[in-house]
Amino acid sequence: MAQLTLVLQVLIAVLVSSALSSFIPRVSTPLVQIALGVVWYFTPFLPNLELDSELFMVLFIAPLLFLEARNVPRREVAKDLGPSLSLAIGLVLLSLAVTGITLHVLWPAVPLAAALALGAALGPTDAVAVASLSKEAKLTERQLNVLRGESLFNDAASIVGFQFACLAALTGTFSLAQFAQGITVSFFGGVAVGVVAGFVFNKLVLLLRRYRMETMTLRIGIEVLIPFAAYVGAEHLHVSGVLAVVAAGLLITFQRYGFGSDIARTNLVSNSVWQFIEFTLNGSVFVLLGIELPIAMRSSWQNESVSSWMLVLAVVVLTVVSLVIRFLWMLGMLRVTKDRVTRKRRKLTKERVHSALVMTFGGPKGTISLALAFTLPNGIDEATHIPLRSALLFIVSGYIVVSLVLANIILPLLAPRDDDVKGEEYAKDNVEMLRRTLTKIAELDTPETHEEVRAVMHSYTERIDRVKLAVPQETIKREQKVRVSTLEWEREWLNDLLEEHPEKEEAAEQLITRLNSSLNHLTGSGGHHIQIRQAKPRRQAMILLRRIWSLLARVTPGLDPHKTDMMRSIQIELFEATIGHLKNEVLTDVENAEIIARLIGEYRAALSTLHAKSSSLPTLSSLPSRQGVEDIRTQTFRLELETIREMQEEEEITRSQAKMMRQNVYLMQADAVL
């Protein structure tokens with residue numbers, strides 16, 4: 001019961017931190033959670049706890065890293081794999097050496113091997129913190145991908161370096177060859193185990209799906225099992241469990257394949273489960289960090305053999321040294337990295353220096369550093385006769401907090417995040433995606449599916465209108481231009497009809513007059529003189545005579561021939577021809593697809609009304625069938641997912657935008673069958 005009570009109390013703290021974050025949006029959620037953990041420590045009736053570092057890594061770090069790798073944009077990270085690996089390996093090893101030597105010189109009581117162990121613990125950036133900071137600051141897609149790749153791959157170098165440094169501190173011996181061999185085996189061994197695990201679980205889920213054995217419970221259970229199986233298996237083989245989890249997460253793709261309402265619902269539930277896991281574990285990690293900080297600091301602060309001011313000075317100096325090293329490395333990396341388009345190296349402009357600054361402060365430390373610090377062996381105290389383990393834990397904890405605070409303060413200043421602009425960009429991209437989907441839906445239109453396609457297209461135009469509410473109101477000029485060009489096309493069609501069928505002139509002229517009146521409202525110009533100017537010269541006199549006759553007919557009883565039936569017949573032909581014209585236009589004019597689709601709906605509604613008036617009894621054949629609409633809607637969901645994939649592959653939308661759009665489709669798929 002005590003352990004269950006502790007779990008519930010941590011969950012409550014996470015929920016409270018989430019609620020508090022909405023009131024202090026300028027402070028990142030991890031800092032709020034750390035502060036709550038500190039408050040927890042000083043609350044008398046709440047228990048303090050000691051963490052088991054290995055259990056901490058398995059229960060917290062493994063699923064969080066798996067989720068980050070599962071959602072990371074693979075193609076984008078692959079494009080920037082070189083910069084990410086240079087940070088994950090080269091910068092980690094350099095920081096290990098420089099920070100270790102700096103601490104040893106600053107505080108000679110700390111043996112060099114122990115100082116190097118601390119330098120290794122400070123090496124890895126935190127994937128969870130990077131993901132959180134991306135919500136607080138406006139990072140470019142490439143900056144975020146490089147930082148994500150770094151946070152995913154830099155743990156192996158840090159962990160292996162930490163293990164060898166601790167071994168050297170305890171035994172007094174160090175072998176550079178063994179260190180290089182150990183880090184190589186750990187890196188590639190962990191990746192190999194992760195690849196095997198990802199391949200096996202991918203095949204397992206796809207095999208279950210092929211034989212219709214994939215259930216929601218089974219699928220989600222397998223997903224949750226993957227990070228633990230990969231981590232434990234790799235650690236059993238004495239290779240990097242962290243890299244095994246990352247590799248498995250990158251290789252898992254079964255959630256991206258398959259189509260159908262059952263798979264859509266499973267994806268929705270799976271996303272919800274992982275969102276809950278991420279929210280709970282992410283918050284719990286920082287709350288636990290806040291609880292452990294006072295424990296680590298108190299043991300060092302109260303010991304007379306350790307200078308409290310030396311601990312504070314060490315935190316400040318190591319923070320400055322680490323930031324300087326990281327900034328210089330970033331500058332060198334940006335100078336060496338080639339441009340994606342020109343494939344040439346670029347000079348260090350002011351903008352690129354600014355980018356280096358952003359990425360320097362965009363690499364905060366977090367859970368991996370804390371877990372490594374807690375695995376510092378107690379034996380290192382025996383050689384120095386001071387509480388060195390507590391002192392190093394104090395320095396690591398202080399460094400983590402300072403890095404998070406600096407990232408929270410400086411990153412928004414260097415790269416301020418504009419929520420309105422971001423929302424506007426997503427809304428515009430979403431509208432563009434829906435427009436392209438509309439052009440594909442138009443190809444489904446046949447005489448047998450007129451009404452069903454019309455109903456589905458109407459729902460898409462309504463979605464576009466709803467999405468546009470998030471965008472500053474666009475000018476009406478585009479829609480006005482489309483409507484004007486359509487009316488002008490109708491007028492040309494009527495002119496051609498008059499040329500071929502002179503007997504229909506009187507009825508057609510009244511329709512032309514109405515068209516000119518509509519054009520007059522849309523363009524603000526006189527419709528009559530437009531029509532006369534555009535007519536052929538030999539017909540201008542006849543047009544003038546007919547208008548005089550129409551005027552007399554309106555004011556003189558008995559002169560109006562009442563060509564109602566003729567006008568209705570011509571209108572039916574006209575609207576059918578116009579719908580055909582618009583169907584061709586919607587396939588070519590992608591930018592105005594939603595406007596044209598709405599016009600098609602309007603013309604078909606008017607055409608249905610005309611047919612109803614022509615018939616004494618309404619027919620049910622003109623009404624869309626429910627099953628037909630569902631069939632068309634199923635096809636449109638597939639087309640929409642295809643459009644999202646195409647836009648993501650062409651880098652027209654980001655992975656996060658594509659994910660949000662796909663989730664929306666999954667939700668509509670699930671709703672369609674409920």
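What share of the 674 residues in the protein is made up of buried residues? Buried residues account for 50% of them, where buried means under 20% relative accessible area, exposed over 50%, and partly exposed in between, with a 1.4 Å probe and protein chains only.

## Basis of the model

This is a predicted model, in which local features need pLDDT of at least 70 and side-chain atom pairs count only at pLDDT 80 or more, whereas totals for chains, interfaces and linings use all residues. Residues are numbered from 1 along each chain as its sequence is written, and side-chain values use heavy atoms, with hydrogens and water left out.

## Overall fold and surface

The protein has 27 helices and zero strands; helices (H or I, at least four residues) and strands (E, at least two) are DSSP runs, numbered from the N terminus.

## Nonpolar cores

The largest nonpolar core holds 92 residues, of which Leu103, Leu392 and Ile395 touch the most other members. Helix α3 gives the most to this core, with 11 residues. A nonpolar core is a set of buried Ala, Val, Leu, Ile, Met, Phe, Trp, Tyr and Cys residues joined through side-chain atoms within 4.5 Å. Not counting residues up to four places away in sequence, Ile395 touches Leu103, Leu118, Leu311, Ala314, Val315 and Leu318. A second, separate core of 54 residues includes Leu268, Met567, Ile595 and Phe637.

Leu118, one of the residues that Ile395 touches, is also among the buried residues of helix α6, together with Ala113, Ala114, Ala115, Ala117, Gly119, Ala120 and Ala121. Because eight of the 10 residues of α6 (residues 112–121) are buried, this helix is largely enclosed by the rest of the structure.

## Cavities

On a 1 Å grid over the protein atoms alone, a cavity is a set of points where a 1.4 Å probe fits but cannot get out, and lining residues have an atom within 4 Å of a point.

The largest cavity is lined by 21 residues, with Ser322, Arg326, Gly363, Lys365 and Tyr399 nearest its centre. Helices α5 (81–106), α13 (308–336), α14 (350–361) and α17 (388–414) each supply at least two residues of the lining. The lining divides into nine nonpolar, nine polar and three charged residues, where Ala, Val, Leu, Ile, Met, Phe, Trp, Tyr, Cys and Pro count as nonpolar, Asp, Glu, Lys and Arg as charged, and the others, Gly among them, as polar.

## Buried positions in helices and loops

Ser84 lies in helix α5 and is buried, with a relative accessible area of 0%. Leaving aside neighbours within four places in sequence, Ser84 is in contact with Asn145, Val146, Gly149 and Glu150. Thr486, in helix α20 (residues 477–500), counts as buried at 2% relative accessibility; with neighbours within four places again left aside, Thr486 is in contact with Thr578, Leu582, Leu599 and Tyr603.

Leu46 is in the loop between α2 (29–41) and α3 (53–71), yet counts as buried at 17% relative accessibility. The C-alpha atoms of Leu46 and Leu6 are separated by 8.6 Å, although these residues are 40 residues apart along the chain. Pro387, in the loop between α16 (380–384) and α17, counts as buried at 16% relative accessibility. Pro387 and Val306 are 81 residues apart in sequence and 7.7 Å apart in space, C-alpha to C-alpha, and Pro387 touches Asn303, Ser305, Val306 and Asp381, not counting residues up to four places away in sequence.

## Loop residues with positive phi

Most residues other than glycine have a negative phi. Arg212, in the loop between α9 (176–210) and α10 (216–236), has a positive phi near 55 degrees and counts as exposed at 78% relative accessibility. His238, in the loop between α10 and α11 (241–251), has a positive phi of about 65 degrees although it is not a glycine, and His238 is exposed, with a relative accessible area of 69%.

Note on methods. On a 1 Å grid over the protein atoms alone, a cavity is a set of points where a 1.4 Å probe fits but cannot get out, and a pocket is an open set with protein on both sides within 12 Å along at least five of seven lines; lining residues have an atom within 4 Å of a point. Contact means heavy atoms within 4.5 Å.
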